[in-house]
Amino acid sequence: MKTTAPCDVPTPFERFLLAAPDAVVDKFFSRWPADLILRLRCVNSNCFMAVEAYSSRVWSIERSLDRWFFNVPAFLEVLETCGGIVSGSEAQQHFARHDFRGSDLDIYVPHRGLLGMGRWLKQQGFLYQPSAGKHILFDAAAIMYASAAGVDVKARSKTSANGSNPYSTFNFVRPDKDTFQILGMDGAHVQLIVVRGDPVEFLIENFHSTGVMNYINSKCAVSLFPRSTFINRHSFVCQDTSRNAPVHDAWKAKYRRRGFAVIGSLDQFPSSVEIRQWDRRVGDYLTWVLPHARSCMLLVKREPLIQNGNHFEVLTLNSGVVPRGGSLRVGLKFLYRCVSQILSNFFG
């Protein structure tokens with residue numbers, strides 16, 4: 001007599017995740033750390049579907065950016081074309097499941113993306129607000145900046161400029177803020193930051209702490225120190241805080257208000273695998289990568305979202321190359337390691 005194979009019966013927990021109202025599931029998962037939620041995807045197909053549904057709601061790129069733009073997919077297309085990324089508070093709150101909202105949107109582009117992104121922002125109703133020393137017209141200001149930096153902003157080349165200043169900021173504001181607030185679009189200030197070379201390399205080399213080393217590109221959101229930042233709520237200082245101390249004091253106070261412990265050179269140094277790696281890579285097993293497009297298939301082969309990610313290294317105080325007041329040195333691969341080895345050999 002033939003018997004049919006027994007089918008898997010969902011557990012009560014799985015039935016809850018699949019059948020409970022979205023608001024109830026969201027409230028339930030709000031107390032879970034993000035890494036545990038993502039691990040739940042691997043249990044079985046029921047858990048996978050439940051977590052994917054939850055992820056599509058709380059890690060939705062439309063939800064993160066719809067206060068800034070009517071058409072978020074169109075913005076992502078322009079971001080791809082310009083070779084840019086979104087970073088700062090808006091990228092951080094995307095991973096943090098919107099437990100706070102930033103006041104500015106920081107868009108980082110290489111020189112080749114400056115004109116294209118600035119013109120697109122103007123088409124979306126933002127007005128260019130010239131800062132001191134910049135031309136009152138955006139196109140003129142962009143071309144004058146490029147001329148001073150020794151690059152062609154209309155070129156598609158990815159080569160970096162020869163100028164001494166690694167970045168420049170172009171401000172855009174929404175003029176009729178009250179009208180847009182009725183539509184829930186309260187984002188009113190965009191900082192378009194043009195950098196020499198790759199914006200991700202700029203982030204690695206120049207951001208003040210590990211807590212802000214997160215970014216959004218056209219396909220996914222990336223966090224370089226996710227466990228330290230979003231699980232342990234630690235932000236390790238990576239820049240010289242003795243220079244322009246009031247500025248550093250301001251960002252430290254802001255992140256402490258958000259619940260982060262800011263770890264400097266005089267603070268107790270907590271253990272974390274993310275900060276004991278001499279050789280890291282954007283997209284490695286320590287990185288969190290959240291795709292904008294969710295999958296409804298468990299066994300689907302997808303191309304890696306981060307290919308040939310930037311290599312970087314994380315050095316601690318005993319390396320001798322950590323900046324004054326900082327607890328870590330984060331930089332591109334080999335640069336600071338070589339200096340550390342020279343100092344070690346010289347001073348023994």
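**Strand pairs and ring pairs**

Visitor: Which residue stands opposite Leu 315 in β13?

Guide: In this predicted model, Leu 315 faces Arg 329 of β13.

Visitor: What makes β12 and strand β13 (residues 329–332) a pair?

Guide: DSSP has to find at least two bridges between two strands. β12 and β13 have 4 bridges, in the antiparallel sense, so they count as paired.

Visitor: How do you know that strand β10 (residues 280–281) pairs with β12?

Guide: The requirement is at least two bridges, and β10 and β12 share 2, again running antiparallel.

Visitor: Why is strand β12 (residues 311–315) called mostly covered?

Guide: A residue is buried when its relative accessible area is under 20%. In β12, 4 of the 5 residues are buried.

Visitor: How many aromatic pairs does the structure hold?

Guide: There are 28 aromatic pairs.

Visitor: Why is the pair of Phe 29 and Tyr 54 called tilted?

Guide: The ring centres lie 4.8 Å apart, and the limit for a pair is 6.5 Å. The planes of Phe 29 and Tyr 54 stand at 55 degrees. Under 30 would be stacked and over 60 edge-to-face, so this pair is tilted.

Visitor: What parts does the pair of Phe 29 and Tyr 54 tie together?

Guide: Phe 29 belongs to helix α2 (residues 22–29) and Tyr 54 to helix α4 (residues 45–58), so the pair links parts 25 residues apart in sequence.

Visitor: Are Phe 29 and Tyr 54 buried or exposed?

Guide: Phe 29 has a relative accessible area of 0% and Tyr 54 one of 1%. The cut-off is under 20%, so Phe 29 is buried, and so is Tyr 54. Both are also in one aromatic cluster with Phe 13, Phe 16, Phe 28, Trp 32 and Trp 59.

Visitor: Why is the pair of Phe 69 and Phe 126 called edge-to-face?

Guide: Their planes meet at 65 degrees, with the centres 6.2 Å apart. The angle needed is over 60, and the centres must be within 6.5 Å, so the pair is edge-to-face. Phe 69 is buried at 2% relative accessible area, and Phe 126 is buried at 1%.

Visitor: How do you know that the charged end of Arg 280 sits over the ring of Phe 225?

Guide: Its distance from the ring centre is 5.4 Å, and the definition asks for within 6 Å, together with an angle limit of 35 degrees from the ring normal. Arg 233 likewise lies over the face of Phe 260, at 4.2 Å from the ring centre.

Methods
Residues numbered from 1 in each chain as written. Predicted model: local features only at pLDDT ≥ 70, side-chain atom pairs only at ≥ 80, totals over all residues. Heavy atoms only, no water. Buried < 20%, exposed > 50% of the residue type's maximum accessible area, 1.4 Å probe, protein only. Phe/Tyr/Trp six-rings, centres within 6.5 Å; stacked < 30°, edge-to-face > 60°.
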